[in-house]
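Biologist: I would like to go through this structure with you, one question at a time. Please show it first.

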Amino acid sequence: MSRTTDILVVGSGMAGLAAAIVARSQGKRVALLSRGCGSLNIGSGCVDVLGYIDGRAVAGNPLDALDALPPRHPYRLVGREGVETALGLLREVCARRDAPLNAAATGNRRVPTILGTLKPTWLTLPSFQAERLETAETVLVAGIRGLKDSHPALVTAQLRRYPHPARIRWHETHLENPMPGAHRNLSPLDIARLVETAEGAAWLISGLHKALRATPADLVLLPPVCGLCGTTWKGLAAAVPVPLVEMAALPPGVGGLRLYTALLEELRSLGVDMIENARAVAAECDGGSCRALVAETACGSRRFEARAFVMATGGFMGGGFQSSPGEAREAVFGLPVLQADGAPLPQRPEDWSDKDIFGSHAFASAGVMVNADMQPLRADGAPALNNVFFAGRSVGGYDFAAEKSGNGVAVATAWRAALSACAQC
Amino acid sequence: MSIHHPTPDACIACTACVVNCPVARATPNYLGPRLVGPAYERFRLLGLGEEASLHYCSNCKNCDISCPHGVQVSAINMTARAEYCLAHKPALRDWVLGHGELLARLLRPLPAGLKNFGMLNPLTRRALDRIGISARAPMPAFAPERFRDRLAKTYQGMQPRKVALFPGCFIDIYDPGTGFDLVWALNRAGYEVIIPKEFSCCGLPMIANGFRKDAEKNAKRNLRALQRMRAEGIPVISSCPSCVLMHNQDVPEFFPELVRDGRPQVLDAQAFLLDCVERGELSLTPENEVAERIIYHAPCHLRAQGGGLPGYELLRLLPGLRVDNADAGCCGISGSYGFKKEKYDVAMTVGAPLFDKVRRSGADLSCSECGTCRIQLVHGANRPSLHPVSLLRRVLEKRA
Ligand SMILES: Cc1cc2nc3c(=O)[nH]c(=O)nc-3n(C[C@H](O)[C@H](O)[C@H](O)COP(=O)(O)OP(=O)(O)OC[C@H]3O[C@@H](n4cnc5c(N)ncnc54)[C@H](O)[C@@H]3O)c2cc1C
């Protein structure tokens, strides 16, 4: 197949989806090629922007803290205004698709997880409005029988250790198993899908009413089971007398699927061509520009021509990098994967990670070095290719897990990369 | 038979396949692709017994499409099924569903009317239901004559080029009309269509029902013809996405020793037609005003091919048609899966969002490349359904 498109985006995680939407909205013909889904559809769907800098929690609006980051950090390359615009576009799209994202007035939200930790994040769906805990005095933590990783006692025991929620009176309850006889342990996704049906919603509403009669409380904390679409959430929230707040869960985290679905719907209505199950493996380059990518598919290799390319391949975790002892390379163009300070990864693979699991790992912030246009750079600092742009976790210079900045950086760099790509064609 | 096992090692248990599995969505009785596939594989390799819900896998391949790490989950499941069926003889029902072509060959002496009366009357349907073929499932009717036999008697004009067609059982046995629509388009593009005599069922229904050895036999026959075509420089195409996927992906995966001398490719017929358009061999100037609204459904086995949606692209190039992509996931039928009595409800639940989308689309027609998807679409959404090449012909053919 040789039909040329304007912009070929590779990867269908947060960065790829966002880049495709931005580029298509500029009127370009866009194709999105991917082998597999990214981490968005399995995650909690909370859009972290910046939770910590060097281990210190960011207080207030995280956008105000971006300037404190090192100059090579992707947020610094995009600039505060750019980050704000990019997140604004994401919010517009999600609101239009019944998955509204909003921020708390006070700064980062601390969303409880089903393991009883508090996760700082910035934009979330209304069901994760954890700041409501701040005015609650009695909270009922609801587990569900048959649901895996559902341990209200663990949640309350853990949350009591945090200084702020400590004054809350915590109670626990278990809702009845809504799918007894299932052959598998239920996941929050199973229950969220059930809640999309009339019987499922009735089970949840009556279960919560019953639990609240037994244990009056002014807020209910529950796993992310409140359906998959915004209208279902609104119906539930209206049918229960106290606020509901969902906890972030292990994959499948449901919230991410809600956003993923919203972004896919947008892509499709905009008319982005989707090429699934194709892994880009090589590039045809001509001097400083790329003509086509070669992808491996179930039906052999195929060529995909475009005028510009956005690579949103997700780094080590997403499959965008290949590594062997002493070396890591970006998988399609063979670009070097470097540490935040521009140094190569250490020779000994043991040194790629820290002994402390929550420590600072060399691999975690390693990636492709880019300039402010998101063009990959050569060792001498000049762009390696003029019509190729990187976005998301493949970009180096930040550690999303330590900073809590994953989806935020993905959206900001995707926006910048997409606009740069549009300027090429 | 020693069976080669696809490796499960790249699985990091991320749950992307669980999120995207239509069967796991439809029933809590399936453990899900991650656990039945790569996770349980470790127990299989230790020689422990089979996971009880393996039979729920419909081989639709949405797990493979969604896996970011390249784990061939469906191949792990189908390999497990093959091994299980070596130790436990599959039921007669599964043999019947896996060998539609052979059955059709045995019934060939009978006229279609009699065959259809014989197969589709309520009494037979009840008997079939008793062996496990749901009486509620839509059953396709036999065509009066096999597609390839009719094609052999059809004059195609003097064409400058040749193309070989792998018709697939659906067109060959039940739906020659679609086959002739494709032939019409190919003739118009300057290709004479030939069907090598070896071509037999691609083997996918055999794999899905646990008859690996029979699938291997068919693969050998088909490969003989594919290799001959390659030597003669004649491209081979198929308009059935499942056959294309079976030839190009599953045969090399399951029977690597058969393709040691290279993997002959079977091309998607719609992609081939798009290439004809691009080369200037086929013009898409409309002859007819067909101001129809169409809703298109992408078969899972087409999405799994990694070539995008060429049939949909072709439709969008046709002036006068308004085509929307339903994009509502699997239709549920998965070849023979939805015909099984104990799977019928699962299949209908899987397809429900798609049926709903089609019904609410306001479209007059649905359209899809896969024959059994079309049967399921008609059954579930109560609208006629056509192959993209049939629409192509409707728009382009000069009517007398
Ligand atoms: C379990 C989990 C939970 C998380 N939760 C949160 C959260 O709550 N909030 C938050 O802000 N962040 C979270 N993150 C982090 C965040 O998801 C990532 O930082 C961000 O999504 C990265 O997006 P991406 O698009 O760059 O990469 P990915 O999501 O990894 O996507 C990469 C895509 O590229 C594809 N791909 C890779 N190579 C190729 C190739 N060669 N050819 C074709 N396709 C290819 C992959 O299949 C995939 O589709 C979480 C991460 C994980 C793993």
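**Two chains and a ligand**

Modeller: The contact, meaning heavy atoms within 4.5 Å, takes 36 residues from chain A and 43 residues from chain B. This is a predicted model, in which local features need pLDDT of at least 70 and side-chain atom pairs count only at pLDDT 80 or more, while totals for chains, interfaces and linings use all residues. Residues are numbered from 1 along each chain as its sequence is written, chains are lettered from A and ligands numbered from 1 in the order in which they are written, and side-chain values use heavy atoms, with hydrogens and water left out.

Biologist: How much area do chain A and chain B bury between them?

Modeller: Buried area is the accessible area (1.4 Å probe) that two parts lose on being put together, summed over both. Of the area here, 47% is on carbon and sulfur atoms. The total that chain A and chain B bury is about 3200 Å².

Biologist: Which residues of chain A lose the most area to chain B?

Modeller: Three residues together make up 22% of what the chain A side buries. They are Arg3(A), His183(A) and Arg184(A).

Biologist: Why is the ligand site shared between chains?

Modeller: A residue surrounds the ligand if one of its heavy atoms lies within 4 Å of it. There are 34 such residues, and Arg35(A) and Cys46(A) are among the closest. The site is shared because the residues around the ligand come from chains A and B.

Biologist: Which strand gives the most to the shell around the ligand?

Modeller: Strands (E, at least two residues) and helices (H or I, at least four) are DSSP runs, numbered from the N terminus. Among the elements of chain A that each supply at least two residues of the shell are β1 (5–12), α1 (14–25) and β2 (30–37). The most, five residues, come from β2(A).

Biologist: How much of the ligand's accessible area does the protein cover?

Modeller: A polar contact is a pair of N or O atoms within 3.5 Å. A backbone N or O atom of Ala280(A) lies 2.9 Å from a nitrogen atom of the ligand, and a polar backbone atom of Ala15(A) is 3.0 Å from a ligand oxygen. Of the 1000 Å² of accessible area (Shrake-Rupley method, 1.4 Å probe) that the ligand has on its own, the protein covers 92%.

How values were computed
A polar contact is a pair of N or O atoms within 3.5 Å; within protein, one must be able to donate a hydrogen and the other to accept it, and residues adjacent in sequence count only if both atoms are side-chain atoms.
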